[in-house]
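Please open the model in your viewer and keep the selection tool at hand. We will go from one stop to the next, with a note on what to select and what is there.

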Amino acid sequence: MTAPRIAGVGLTHFGEFSERTGRDLFAEAGLAALDDAGVPPDDVEALFYGNFMGELAEHQGHQAPLMAEAVGLDVPATRYEAACASSGAAVREAVFRLRSGEADAILVGGSERMTNIGTAGATDALSIAADDLYEIRAGMTFPGAYALMARSYFREYGGSREDLAHVAVKNHEHAMPNEYAQIRKEITVDDALESPMVADPLGLYDACPITDGASAVVLVSEEYAEREGLDAPIAVTGTGQGGDRMALHDREYYARTPAADDAAAEAYDDAGVGPADVDVAEVHDCFTIAEVLALESLGLYEPGEAVTAARDGETHATGSMPTNLSGGLKAKGHPVGATGVAQIISIAKLLRGRSAWSGDLDDPRVGIAHNAGGTVASATVHVLEVME
Amino acid sequence: MTDKARDGEYDDLLDAIVEGEGYYVECDAGHGWLPPRRVCPDCGSRDLTETPLPDSGEVETYTTVSVATPAFAEDAPYITAIVDFGAVQITGLLRGIAADEIEVGMPVGVTVGERETTGDRAIVFEPR
């Protein structure tokens, strides 16, 4: 089986750009990806686009054709929605299309405009990734849901707010050289512990910010990359997706994320690699506890073991399992529909030696991207590798 | 919100809880769910039976939500909890107890209360 190549990447800065429309955000990222790829727009055959809350934030449904138009493409365009895993799902579908030989070049991306509706509005919009009848009406917010999971984790496996604070400190440090990151400010463990509570036991610094931004990649078939002589050495060699019960209370576990276990197992098998082969990881740290759960689902740690990884320096750029060198959602920012593709871009840059942290890595060959929706009722995992 | 259409089995369940006749649906294998369900997502059984909700359940996990959505603005800070009733687990608002007095495993009963912000109904737990 051939592995689709990443021909070009594009990002907007992530941050608070409340007056920028979604279409303008995506146009910037999409055009940057096309320019970076050097693929003529006429060769692009489709847009696979991720977005979660466009109806609520911009009163705009049916966004995909709008976004294709915004980047100057006259192609079939489809929006994928899997909450915060929307563009991870879009990448997966594009990989299948390219592998099947039905297409040679696809623009895949996502965008989200969030800050224009304010913190309360965005909290409300994010909450609809949960079960409206049986969770939202009981006061469940997105931070609240992860707080329920964090309390269960502490009780089941141990760990503390201080352990989670180290995740925040590490990801803030990682974001410092990332020019696209929303928060480039180092924090201390005390800063994190003293921040206001959002949903006990999670405080403000356990949570990712609310972010406007967009991301895009041009994915091409291996054959197209060879034929056109593209400089595209990074391939998506594995894809996986998992699902779980929508409502947290209907799950077997509150302190584990089986949908991501399944996605990871499928992606590893697809790529023919295992957790021991992974050199760098970008995981969905919408909250500090989510990074812990992700590392365990990816098999990089046993259940109950990842909570101390940041405190012990293992997930730092200089550690044994460098994780979220972009700053993660926590500091890079989390424009929901753009996040899955932004993670792919972060890994691609690391594997090409084009990250500010590349000097701390020893020739990474295999990277993994973990993108989660809701309280991980949806998860996608992608394996990226350097091909010769 | 009074002009809103009822949400079928959800509102039926809340009506039943008000009458002290709460229930869940259960398949032959003992997997319990909140209605509406036409099939057990665990085992695929379509033979689901309405089963009385036990008088009390145990708090499994909880959080005090300080940053709320607009629909809960005046409720905040409030406590959301997941309570285990045996075959079925339910998320609701935990009232009638201070956050620092809650213990995982403590028994609570289920009732229906009003949300302070909107007056909408909500599933509410209270210590037993």
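Start by selecting A:Asp200, which sits in the loop between β5 (197-199) and β6 (202-203) of chain A; strands here are DSSP runs of E with at least two residues, helices are runs of H or I with at least four, and both are numbered from the N terminus. This is a predicted model, in which local features need pLDDT of at least 70 and side-chain atom pairs count only at pLDDT 80 or more, while totals for chains, interfaces and linings use all residues. Residues are numbered from 1 along each chain as its sequence is written, and chains are lettered from A and ligands numbered from 1 in the order in which they are written.

Is A:Asp200 buried or exposed? A:Asp200 is buried, with 21 other C-beta atoms within 10 Å; a residue is called buried at 20 or more such atoms, exposed at 12 or fewer, and partly exposed in between, with C-beta atoms placed from the backbone. Now show what A:Asp200 touches: setting aside neighbours within four places in sequence, its contacts are A:Ala147, B:Thr63, B:Thr64 and B:Ala99. Contact means that the C-beta atoms of two residues, placed from the backbone, lie within 7 Å.

In total, 31 residues of chain B are in contact with 29 residues of chain A. On the chain B side, the elements giving two or more residues are β4 (57-65), β5 (78-84), β6 (89-94) and β8 (121-127). Coloured by class, that side has 20 nonpolar, nine polar and two charged residues. Nonpolar covers Ala, Val, Leu, Ile, Met, Phe, Trp, Tyr, Cys and Pro, charged covers Asp, Glu, Lys and Arg, and the others, Gly among them, are polar.

Pick out the open sheet of three strands in chain B, with the order β2-β1-β3 and antiparallel pairing; strands pair if DSSP finds at least two bridges between them. Here β2 (32-33) and β3 (49-52) of chain B are at the edges, each with a single partner strand, so one side of each has no neighbour in the sheet. Two bridges join β1 (residues 23-26) of chain B to β2(B), and B:Glu26 has B:Gly32 as its bridge partner in β2(B).

Finish in chain A, which has 13 helices and 11 strands. Buried residues make up 66% of its 388 residues. Select A:Ile106, A:Val108, A:Val217 and A:Val218, which touch the most other members of the largest nonpolar core, a set of 179 residues. Such a core consists of buried Ala, Val, Leu, Ile, Met, Phe, Trp, Tyr and Cys residues joined through C-beta atoms within 7 Å. Beyond four places in sequence, A:Ile106 touches several residues, including A:Val44, A:Phe48, A:Leu98 and A:Leu219.
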